[in-house]
Amino acid sequence: MKTAKIKVERNFQIGRIDRRIYGSFIEHLGRAVYGGIYEPGHETADEDGFRRDVLELVKEIGVPAVRYPGGNFVSAYNWEDGVGPAAERPRRLELAWQSVEPNEVGTNEFMKWAGKAGAEVIMAVNLGTRGVDAARNLVEYCNHDSGSYYSDLRRSHGVKEPHRIRTWCLGNEMDGPWQMGHKTAEEYGRLACEAANAMRAVDPDIELVACGSSNHVIKTFGSWELAVLEECYDQVDYISLHTYYKNRAKDTANFLAKTLDMDRQISDVIALCDAAGAVKRSKKKINLSFDEWNVWYHSDSRKKGNWQAAPPILEDIYNVEDALAVGSMLITLLRHADRVKIACLAQLVNVIGAIMTETGGSAWRQTIFYPYMHASRYGRGRVLDAKITSEKYDCREYTDVPYLDAVVTEQEGELTVFALNRGEEELHLTCDIQGYGTYSVKEHITLYDTDRYASNTAACPNRVVPRRDGNAAVEDGCCHAVLKPLSWNVIRISAGTVKKYETR
Ligand code: AHR
């Protein structure tokens, strides 16, 4: 059996967890909005046309924040199209995904949905085809109380109280040639700086996210961040990162090692932010918003919407190993909780989503729903500075990959160990928690399957579900557990009755 060790000290921590690290993302893309969160006429639809079955699943996860309305969509979006009397709203050609946008759902409807879901909204502005003016007007529409053109317009639309949106994204993936209104780093940096100044002049309390590179391998990675921050370091609070992983080669060992790259991407962006700050002799630190991350490769990403409204595109059906990869991505984000303050699983419903629906039919949890829900529910509080040692393996693209990927969080005295066994054999984990006195295991949740390609479908929505069959137990100040081959594990430890460790 392979072995791995974790040691935690209660006085040493990486950082506090910002709840927005468990954010998600809903874009006007495919069936995310229409047929996803919104479907008047559906048997579960509420008085506003929102699907209650989907809302229940979103609440089950405990999604604290949702980025909206894009994504590539936002770069050619006129926010004014989505407010005011619904019958007067235009149907527009949606250029990024070649669909038709009916504008039945816009800012106020989405804010209402997010309120019902218990999530705050991270709003993106269009810095592709539009600019400073549209951005500052949207802030005025959303956040100003009354007595000005746009705040009174909102009130005339039936929304008396301002939305008070705290976090705003200055465009989306502006480094990508696929983006409507794509810009050079200097052009974008200048625009982000001026948009930020105008938006803050309307509401000084907002926080702003500048676009970083749209992935780690794009040629301009690094030079983009430095040039953008040269222009807008003083104006912004966060820089964005995006990444999506694939496993076309069906090489599980390599796929599950991809988070080594995610870890490197985060460290690289921290280094770039700090270098930009050093050049400016700035005391301010720019934090990270990993506002798009997921597995994405099962659907054909080149398939566009064929100028239909709500076309079924980017509907990846996730399997067990995707859930393991998502768990590892969550662990990676948490290990950088001192600098990664926002992260958004892209996306939430139907489009590369944690939740799937049939239009006119049921809603169910994809495999990736579970690690996301576990982290969001049990990974609050702070991240401890755990020392982890593990046996390692080499694979196609990576060397020295630890079999164990893990992080330990603590909230109100309760410890949670999130642990992934990347290996095809059992892994014996010892977690030294000496400093925690008479602690014991509350539960050891697992997610694994003999068929790593198993997934949940409308016909079989509970084919893959977590179990409470882990054997973790505390003995002499150490938590011992045998982690099943290719398994996601959540071990919750707190003060309480001592459960004996049994090897089998
Ligand atoms: O999440 C799907 C798409 O991926 C987003 O629209 C875009 O920002 C990214 O390329």
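Two strands count as a pair if DSSP finds at least two bridges between them. I kept this in mind while examining the structure, which is a predicted model.

**Entry 1: the sheet.** I looked up the open sheet and found that 6 strands form it, in the order β2-β15-β19-β20-β25-β22, with antiparallel pairing. I noted β2 (13–16) and β22 (439–447) as the edge strands, since each pairs on one side only. From one strand to the next, I recorded an average twist of 20°.

**Entry 2: β25 and its partners.** I followed β25 (residues 487–495) to β22 and found 8 bridges joining these antiparallel strands. Within this pairing, I identified Val 490 in β25 as the bridge partner of Ile 445. I then turned to β20, which is joined to β25 by 7 bridges, also antiparallel. Here I found Leu 420 partnered with Trp 488 of β25.

**Entry 3: β19 and β20.** I found that β19 (residues 404–411) pairs with β20 over 8 bridges in the antiparallel sense. Leu 404 stands opposite Asn 421 of β20. The two strands form a hairpin with 2 residues between them, and I noted a positive phi of about 45° for Glu 412 in the turn. I checked the cover of β20 (residues 414–421) and found 8 of its 8 residues buried. Glu 414, Thr 416, Phe 418 and Leu 420 point one way from β20, whereas Leu 415, Val 417, Ala 419 and Asn 421 point the other way.

**Entry 4: a surface patch.** I located a nonpolar patch formed by Leu 93, Leu 95 and Trp 307, with about 300 Å² of accessible area together. I placed Leu 95 in the loop between β5 (92–94) and β6 (99–101). Leu 95 counts as partly exposed because its relative accessibility is 38%.

Terms used. Residues are numbered from 1 along each chain as its sequence is written. This is a predicted model: local features need pLDDT of at least 70, side-chain atom pairs count only at pLDDT 80 or more; totals for chains, interfaces and linings use all residues. Side-chain values use heavy atoms; hydrogens and water are left out. Patches are made of residues with over 30% relative accessible area and no salt bridge: like charges are joined within 9 Å, nonpolar side chains (Val, Leu, Ile, Met, Phe, Trp, Tyr) within 5 Å. Accessible areas come from the Shrake-Rupley method with a 1.4 Å probe; for residues, only the protein chains shown count as cover. A salt bridge is a side-chain nitrogen of Lys or Arg within 4 Å of a carboxyl oxygen of Asp or Glu. Helices (H or I, at least four residues) and strands (E, at least two) are DSSP runs, numbered from the N terminus. Buried means under 20% relative accessible area, exposed over 50%, partly exposed in between (1.4 Å probe, protein chains only). Axes are lines fitted to C-alpha atoms, for helices over the stretch in contact, and angles run from 0 to 180 degrees between N-to-C directions.
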